[in-house]
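Open the model in your viewer and keep the selection tool at hand. The stops below say what to select and what is there.

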Amino acid sequence: MGVGIEVTNLNAWYGTNHTLQEINLDIPANHATALIGPSGCGKSTFVRCINRMHETNPIARVTGTILIGGLDIYADAKPVEIRRRVGMVFQRPNPFPTMSIYDNVAAGLKLNGYSNRHVLDEVVEKSLRNSALWDEVKDDLKKKSGASLSGGQQQRLCIARALAVDPEVLLMDEPASALDPVSTSKIEDLIFQLKSQYTIVIVTHNMQQAARVAEKTGFFLNGRMVEFDSTHKIFTNPSDKRTEDYITGRFG
Amino acid sequence: MFATVLVVAPLVAIFVYLIYKGASSLSLDFFIKVPKPVGESGGGMANAIVGSGILLGVGSLIGIPIGIAGGIFLAEFGRGTKLANAVRFTADVLNGVPSIVMGIAIYSLIVVPQGHFSAFSGGVALGIMMIPTVCRTTEEMLLMVPNTVREAALALGVPNWRSVLAITVKTASPGIITGCMLAFARVAGETAPLIFTAFGNVDWSQKLSEPIAALPLQIYVYAISPYDEWHRLAWAGALVLIVLIVLAVSLVRFVTSRGVMKGAS
């Protein structure tokens, strides 16, 4: 089951560049939350703070608190523990190129020490079914490399890989921006199904996409969160002038 | 097309010439007998073939692990640190050290204190010569692995060291193996570092503590001798050396390519 995320006074830097300033928001459990905003506004940095990937860059720095299901992820946990609870799907599909489809999905478990074949088989099938890829690949699980799939299939493989470690939260950083419209709509259908089991945070440049999949939407601009509300309210009656300008296409 | 011919021509020319000069002296005896004294006909280089194998084995055991470990450090853990720059500089300088100097260095570091020539010291000389090639190709192959692959592993909650070993190194492994093969093939034909270390041996010896025969050494000794019989054996030895290197490299490629998925980009 998904858990809620409470963010309080979050600031983040790359070197001297203050990329996130005083972010406060509550992301509800078992819903999809979309983050929109122009390029460079900090929304990708924000999701990378939620699974502590931001700090893998040596010049990066973070202050503030993030509670995931009540756990203070910066004070009371190690990065590797957080990343097992918070899965991530990246902008470009990034399957492990030398591994089979099966090994790609099982990688998270295997590398964290699970080796029971029976369990692995079950988890791989369940994850691939959850990411709507099972029927397309079930016959060449161990024969084909993850890199031999199409772009859209690779992205669903990456989703399966993230789901296999049984996270509570799924972060998606523009998951469909490198995909064609058919693959995009498959990913969106998937988000719709997955949010009953996971808390989903999706960064997107595509405002229609945010409107289609998310109950809540946050608008980021220049490292600050301008507005956070129900998606319906953001797109029909935003309270901030800048949000309105952005969604009506006046800038960005 | 023209470029292909240019690249392949020298190899083919050498190979054809070696077959022309050496094939007629090859016989079963060449592979199973030790050299005969001057004046007696026949005899072979069995001891040198086995000796080269032992020397290369010792060299690979030293050079490949150290080289790969160094390459992993340079590309994954030490990036941008002073220590990494020092290691990289050292590897490049080591790569430029003439092989005869390597022989003399090992002679004074191992042979003189021990008081005798030995297969071990020869293996060490070859191993040290392998390190820079293995190290730098490993580093370059690891740097070619896209960062998105590293991020994918880290985002699954895999500790960094484990992600490096199980994901990054595995992804780069075809290139790393090629680097090891290059280093192996290069030192397989080295003569100079063995003159003061392995020394050569006209008899059977597989002991690491004793002087040992090696194909390049034997070829060298026979080629500068005044006897026609020995010249013919030297040509045969050169042919065998090249064929064995090609076989060893092909075998490793074949075995290792089966563990890697096709379609990898």
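Select helix 4 of chain B: of its 15 residues, the number buried is one, so this helix lies largely in the open. Here a residue is buried if 20 or more other C-beta atoms lie within 10 Å of its own, exposed if 12 or fewer, and partly exposed in between, with C-beta atoms placed from the backbone. Helices (H or I, at least four residues) and strands (E, at least two) are DSSP runs, numbered from the N terminus.

This is a predicted model, in which local features need pLDDT of at least 70 and side-chain atom pairs count only at pLDDT 80 or more, while totals for chains, interfaces and linings use all residues. Residues are numbered from 1 along each chain as its sequence is written, and chains are lettered from A and ligands numbered from 1 in the order in which they are written.

Stay on helix 4 of chain B, residues 82-96, and check its length. At 1.5 Å times one less than its number of residues, the helix should span 21 Å, and its end C-alpha atoms are 21 Å apart, which agrees.

Now select the whole of chain B. It has 11 helices and zero strands. The C-alpha trace of chain B spans about 70 × 50 × 30 Å along its principal axes. Of its 265 residues, 43% count as buried. Two residues are in contact if their C-beta atoms, placed from the backbone, lie within 7 Å. Among contacts in chain B between residues at least 6 apart in sequence, 73% join residues at least 24 apart.

Next, show where the chains touch. Chain B gives 21 residues to the contact and chain A gives 24. On the side of chain B, helix 7 (147-155) and helix 8 (160-188) each supply at least two residues. The largest share of that side, six residues, comes from helix 7 of chain B.

Last, move to chain A and select helix 3 (residues 101-111) and helix 6 (residues 151-164). Helix 3 and helix 6 of chain A pack at an angle of about 30°, with their axes 7 Å apart. That makes the two helices of chain A roughly parallel (angles under 35 degrees count as such). Axes are lines fitted to C-alpha atoms, for helices over the stretch in contact, and angles run from 0 to 180 degrees between N-to-C directions. To see the contact, show residues including A:Ile101, A:Val105 and A:Leu109 in helix 3, and A:Leu157 and A:Ala164 in helix 6.

Key: Parallel < 35°, antiparallel > 145°, perpendicular 65-115°, else oblique.
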